[in-house]
Amino acid sequence: MTLLWLIVILLAGGAAAWLLERRSMVLARGACLLALAIDLILVVSLWLSAGGRPEAAETAWIAELRWDWIPRFGIGFHLAMDGISLLLAALTIVLGFAAVAASWTEISDRAGFFHFNLMWVLAGVLGVFLSLDLFLFYFFWELMLVPMYFLIAIWGHENRTYASIKFFLFTQLSGLFMLLSILGLVFVHYRATGIYTFDYGELLRTPMARSTAFALMLGFVAAFGVKLPMVPLHTWLPDAHTEAPTGGSVVLAGLLLKTGAYGLFRFAVPLFPEAARLFAPAAMILGAAGIIYGAVLAFAQTDLKRLVAYSSVSHMGFVLVGIYAGNELALQGAILQMICHGLGTGALFILAGALQERIHTRDMNRMGGLWEVCPRMGAMGLFFALASLGLPGLGNFVAEILVLVGAYRASIPVAAVSAVGLVTATIYALEMVQRAFHGKNVRGWKFPDLSVREMAVMAVLALLLLWIGLYPKTLLDTARPALHAPAPPVATAALRP
Amino acid sequence: MNVDDMVALLPLIAVAAGSLAVMIAAAVRRSHRLAASLAGASLLVALALVPAASGFAPRNVTPLIAVDAYALFYMALVFGASFVVVLLAYGYLRARAEVREEFYLFLLLATLGAAVLAASRHFASFFLGLELLSVSLYAMIAYPRADANPLEAGVKYLVLAAASSAFLLFGMALVYARYGTMEFTAIGAALSLPGAGWDAYRLAGLALILTGVGFKLGVVPFHMWTPDVYEGAPAPVTAFVATVSKGAMFALLLRYVGTTWVYDSPSALTAIAAVAVVSMFAGNVLALLQENVKRILAYSSIAHMGYVLVALIAGAPLAGEAVTFYLVAYFITTLGAFGIVTVLSGPDRDADRIDDYRGLFWRRPWLGGFFSAALLSLAGMPLTAGFVGKFYVLAAGARAGIWFPLVVLVVTSTLGLFYYLRVIVAVYAREPANPVAPSPASPALPVAGAVALAGLAVLLIWLGVYPTPLLRLIRAAVASLALSA
């Protein structure tokens with residue numbers, strides 16, 4: 001039941017925010033924060049209860065809920081949480097706080113409806129991380145799309161209509177291909193067993209011909225590859241991230257991209273282990289290509305948010321490599337990378353948003369010398385840029401090293417090319433700090449530095465990254481049962497030779 | 001014909017009696033409210049009699065009419081939709097036409113025709129039902145006869161519908177000439193005999209009948225009338241044309257196709273699949289080019305009929321359920337969308353420009369929210385009935401393994417999303433309306449219309465979240481349908 005509450009509370013918080021808008025906006029924002037706080041308590045209590053479980057527990061699920069929904073097709077309302085979904089749920093809530101805080105002064109126009117959409121996206125994302133019925137999963141997958149579209153289309157920047165429609169069409173088309181694959185899988189299973197079911201556990205060991213499996217897997221890869229993004233399918237991302245309001249960018253980069261990675265991890269690989277093994281080399285090459293390509297394009301940007309957006313393409317390349325490298329180290333790395341990228345990129349988008357709110361531009365050519373004006377902002381920018389380039393001691397370093405070590409075992413050339421990504425990241429991250437904050441303040445900018453509220457958000461995100469960087473064991477231990485347990489054979493078990 | 005037969009026919013009799021009552025009442029005392037209440041009441045009575053009649057189903061009343069669970073389900077759907085149209089039309093006509101009472105007469109007659117179509121098992125009742133529906137529609141479409149657009153639409157519909165009826169009759173005649181019977185089941189029995197191949201009579205007959213049916217459904221290449229009639233007809237009538245007339249035709253098509261072994265002919269299925277594919281393409285692509293909301297919805301309906309045809313050709317075991325569920329979802333959504341158009345229309349013109357909807361959500365949040373929900377349902381997004389409908393169609397197709405039409409469906413419906421989003425962008429636009437084209441003086445929301453819209457909104461979400469009860473009903477209804485694989 002707790003799992004259902006997690007989602008319902010967010011939905012209710014969003015509705016409450018919309019209704020309370022007329023009373024006072026502070027109240028409405030408070031409702032969102034309250035909903036998130038309740039969710040945080042629930043997740044932490046689940047986490048603590050999971051901590052005491054023995055390693056060799058029967059099942060990796062920490063909590064589970066299963067109801068009938070549409071029995072005609074064996075569709076159930078089936079939610080479950082293991083270590084990986086727990087970490088991602090926690091990330092969702094943390095970034096939810098960050099997004100609400102980042103919109104505090106930025107969004108004043110129709111703020112009630114904004115928060116409604118924001119909370120509903122978060123609920124959809126949480127649903128994606130928790131559902132274990134393929135129909136339910138697709139339901140949430142599509143559900144998070146509409147409010148995200150509204151966030152971009154109504155509160156976005158100059159080019160918002162174009163960006164929002166592009167985002168919607170890319171995700172919708174690829175999502176429908178995934179639906180076709182889901183249906184194909186269900187009917188293959190039906191022909192083999194005579195039972196209609198959309199349940200993950202039931203479908204896991206569906207016997208099928210190799211070519212069928214490969215075709216069906218591609219449908220899933222299409223949907224997840226667009227979200228991740230996998231390189232040729234990424235073109236919606238820079239537009240959507242750049243045009244979205246700050247809160248929207250945080251959710252997009254921090255969470256929506258993770259749903260793609262999570263989908264590969266939970267569904268595309270375990271459901272079709274044979275096909276995934278065939279596809280793994282291609283996926284790893286695409287991942288490595290994404291690392292380099294994203295880094296090169298990030299370096300070429302003058303728009304601050306676009307730079308961060310392309311750096312996401314680069315960072316998510318590591319996740320792709322990690323998932324398909326097929327050993328536990330790389331998978332642990334991919335999971336850590338998902339968390340750290342969410343925190344770090346979220347922070348960078350908040351900084352970019354804070355800058356834009358003050359100087360009304362994202363163009364780095366018009367910045368420069370801002371450190372004197374806003375030392376706190378500069379320091380924070382430097383910190384998260386260092387996190388992004390993988391400075392030892394911060395989370396991303398651990399994550400990327402784990403991925404590289406794991407990938408080295410699978411394919412030395414891929415690991416070598418991916419390692420170059422660490423160097424290129426250094427170039428664009430430092431370049432960004434250099435151009436925005438160093439040099440001379442030729443334009444004579446003068447504006448207030450980060451407020452207490454903004455500093456609090458930054459501090460929390462920075463401390464979390466520091467914690468993961470110095471003591472990643474907490475997270476690794478949480479995720480490990482999910483990688484080992486016999487019940488949900490995620491990527492590692494599937495790909496082990 | 002005995003008493004049991006009469007009871008089974010009661011829903012049809014109630015509507016027929018209602019039309020008489022409206023006619024007599026209009027002769028005695030002209031009162032819009034009275035006529036509308038009589039029409040609404042007779043539809044509700046007919047709806048309430050459906051469960052009573054189902055106690056005596058299935059039975060064939062005369063060789064013409066089959067009252068079975070399937071027919072009764074579609075009758076209930078038709079009556080419900082017509083009732084919504086009565087509610088919408090009441091507020092709409094009050095602000096406009098001078099002579100309003102006869103509209104309800106035509107509406108009831110058209111409903112009767114649609115119900116007969118759903119229950120017909122014989123060419124005679126097929127044709128009678130169709131003509132009853134079409135002739136009433138001519139009058140309904142051109143009802144505001146002082147305006148040019150409705151008149152043009154009415155005449156266009158008249159000419160094309162008459163021509164398509166001729167095709168249909170010729171097709172029936174060919175089948176009759178070959179098999180000597182006009183009963184669907186008897187034709188089916190004759191066809192199941194050994195040696196009954198696909199000769200010229202049978203193929204040509206089927207092709208001509210499909211032409212007549214295709215015209216009513218508005219699928220490519222018989223779709224030419226759709227945008228003009230949708231645009232020209234008064235908004236409540238458009239809602240009726242889009243739902244009741246197409247839905248009843250589909251009910252009949254499914255029954256006819258199932259009983260006459262069309263599923264045994266790959267070439268016939270290929271032809272229907274081709275119609276479906278071009279409808280999906282043409283509907284969705286042409287809708288992109290439109291500026292008028294009614295025309296956008298017209299082209300989108302062409303595409304939607306294509307989706308339903310995809311479910312139809314999937315065949316057993318899921319086609320009946322998928323078609324029926326999709327149509328229910330489509331009825332609710334389309335009535336909702338045209339309901340919004342209706343209540344926003346001013347006395348001088350219908351609210352059919354995209355600019356009329358600019359910023360609607362901020363001016364009237366409930367209407368704007370429901371309109372975007374209806375559009376998202378047409379696009380098949382979750383939480384709405386359209387999502388489950390689209391899922392059902394895809395499931396039926398995947399079960400049958402007809403991947404090509406499914407991929408076309410997926411790709412073209414994504415194209416379709418684009419024009420729904422265009423309207424939604426306008427609904428949520430923050431800029432004030434374009435001052436050059438002032439929106440029609442936003443009329444106050446009529447009570448009847450508000451009730452109808454609220455009911456539709458509840459159904460739209462309910463079916464999107466928990467469709468199981470309706471699925472059970474539909475399964476029971478289509479169980480009797482013969483769909484050979």
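Visitor: How many residues do chain A and chain B bring to their contact?

Guide: Two residues are in contact if their C-beta atoms, placed from the backbone, lie within 7 Å. Here, chain A gives 24 residues and chain B gives 20 residues. This is a predicted model, where local features need pLDDT of at least 70 and side-chain atom pairs count only at pLDDT 80 or more, while totals for chains, interfaces and linings use all residues. Residues are numbered from 1 along each chain as its sequence is written, with chains lettered from A and ligands numbered from 1 in the order in which they are written.

Visitor: Which elements give two or more residues to the side of chain A that touches chain B?

Guide: Elements are DSSP runs numbered from the N terminus: helices (H or I, at least four residues) and strands (E, at least two). On chain A they are α5 (134-143), α6 (145-155) and α7 (160-193). The largest share, 13 residues, comes from α7(A).

Visitor: What classes of residue make up that side of chain A?

Guide: Ala, Val, Leu, Ile, Met, Phe, Trp, Tyr, Cys and Pro count as nonpolar, Asp, Glu, Lys and Arg as charged, and the others, Gly among them, as polar. That side of chain A has 19 nonpolar, 3 polar and 2 charged residues.

Visitor: What is the mean pLDDT of chain A?

Guide: pLDDT is the predictor's confidence in each residue, from 0 to 100. The mean for chain A is 87, and 95% of its residues reach 70 or more. Over residues 486-494 of chain A, pLDDT stays under 50.

Visitor: In which sense do strands β1 and β2 of chain A pair?

Guide: Two strands pair if DSSP finds at least two bridges between them. Strand β1 (residues 63-70) and strand β2 (residues 75-81) of chain A pair in the antiparallel sense, over 7 bridges. L65(A) stands opposite L79(A) in β2(A). The two strands form a hairpin with 4 residues between them. In the turn, G74(A) has a positive phi of about 65°.

Visitor: At what angle do helices α13 and α15 of chain B cross?

Guide: Two packed helices are described by the angle between their axes and the distance between the axes. Axes are lines fitted to C-alpha atoms, for helices over the stretch in contact, and angles run from 0 to 180 degrees between N-to-C directions. The axes of α13 (residues 319-344) and α15 (residues 365-379) of chain B cross at roughly 140° and come within 9 Å. By class, the contact of α13(B) with α15(B) has 9 nonpolar, 3 polar and no charged residues.

Visitor: How many helices and strands are in chain B?

Guide: Chain B has 19 helices and 2 strands. Its C-alpha atoms fill a box of roughly 70 × 55 × 40 Å, taken along the principal axes.
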